[in-house]
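Here is a short briefing for a first look at this structure. Keep the sequence and the 3D view open while you read.

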Amino acid sequence: MADPEYDYLLKIILIGDAGVGKTFLLSRYINEELPRKKGPTIGVEFATKSICLANGGVVKAQIWDTAGTERFKAITSAHYRKSVGALVVYDVTVRDTFLHVKKWLDELREHGEPGIVVTLVGNKVDLVKDDPSLRQVTTEEAQKFATKNDLLFEESSAIEDINVKLIFENLLQKVYDVKSSEFTDEKYNEKKKRLVYQDPSKPQSKDSSSCCN
Ligand SMILES: Nc1nc2c(ncn2[C@@H]2O[C@H](COP(=O)(O)OP(=O)(O)OP(=O)(O)O)[C@@H](O)[C@H]2O)c(=O)[nH]1
Ligand SMILES: [Mg+2]
């Protein structure tokens, strides 16, 4: 089936330590199931999805899933370019993965676009539902860190499908809202060209609510 018309093609990037569940989250969101192929991501992979946002607007998300291992750093950081949104994922049961979030944010600042919208995601909350003693990062601590660093924040489970859709679509909505308001102003036209892909294969849609109403 052909894609519905969309306003923008938005590049989103998934980063965070190895094993925190980036690939599981992406597969859950895109395919509504867990990945058939298990194991660490080699380099980068991407998937696309057209979405009618809750508050209006239609976007095509191009979501890049990166390898968390240091070995692929040169390849993955090259893909930060032109990303307008990022999910920085940690595992709520492994404290080090949360402590490394700062390093991932530094990477984004170094290689990413200014003004990128970032969501901090504490994954694997299903594990702490049954056994709260497994939790190594409290919700309060992560929320405080997110507020201080101007990040959106949510906890998730790819396995039990908790908050997955909400996380991706809140990020896309925020990117859409920020960019749409900026783009109404003439002087931001150059920035628009840099931050938002205008898909060359598609004529620009005039009606952004074509599949939202
Ligand atoms: N309990 C639980 N386990 C999860 C969840 N998401 C992922 N996992 C487990 O974590 C393992 C690693 O998940 P991946 O999605 O491959 O991790 P990744 O972040 O993509 O890792 P790299 O590709 O190496 O960077 C999986 O094999 C699952 O067993 C979750 O929400 N809950
Ligand atoms: Mg992966």
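Among contacts between residues at least 6 apart in sequence, 75% join residues at least 24 apart. The model behind this figure is predicted. Of the protein's 213 residues, 36% count as buried.

**Fold**
- The protein has eight helices and six strands.
- Along the sequence, they follow the pattern β-α-β-β-α-β-α-α-β-α-α-β-α-α.

**Nonpolar core**
- The largest nonpolar core has 44 residues.
- Those with the most contacts inside this core are Leu 10, Val 59, Leu 87, Val 88, Val 89, Leu 171 and Leu 172.
- Helix 7 makes the largest contribution to the core, with seven residues.

**Around ligand 1**
- The shell around ligand 1 holds 20 residues.
- Gly 21, Thr 23, Pro 40, Thr 41 and Gly 68 come nearest to the ligand.
- By type, the shell divides into eight nonpolar, eight polar and four charged residues.
- Helix 1 (22-31) and helix 5 (125-130) each supply at least two residues of this shell.
- The largest share, three residues, comes from helix 1.

**Where the two meet**

Conventions: Residues are numbered from 1 along each chain as its sequence is written. Chains are lettered from A and ligands numbered from 1 in the order in which they are written. This is a predicted model: local features need pLDDT of at least 70, side-chain atom pairs count only at pLDDT 80 or more; totals for chains, interfaces and linings use all residues. A residue is near a molecule or strand if its C-beta atom, placed from the backbone, lies within 6 Å of it. Helices (H or I, at least four residues) and strands (E, at least two) are DSSP runs, numbered from the N terminus. Ala, Val, Leu, Ile, Met, Phe, Trp, Tyr, Cys and Pro count as nonpolar, Asp, Glu, Lys and Arg as charged, and the others, Gly among them, as polar. A nonpolar core is a set of buried Ala, Val, Leu, Ile, Met, Phe, Trp, Tyr and Cys residues joined through C-beta atoms within 7 Å. A residue is buried if 20 or more other C-beta atoms lie within 10 Å of its own, exposed if 12 or fewer, and partly exposed in between; C-beta atoms are placed from the backbone. Two residues are in contact if their C-beta atoms, placed from the backbone, lie within 7 Å.
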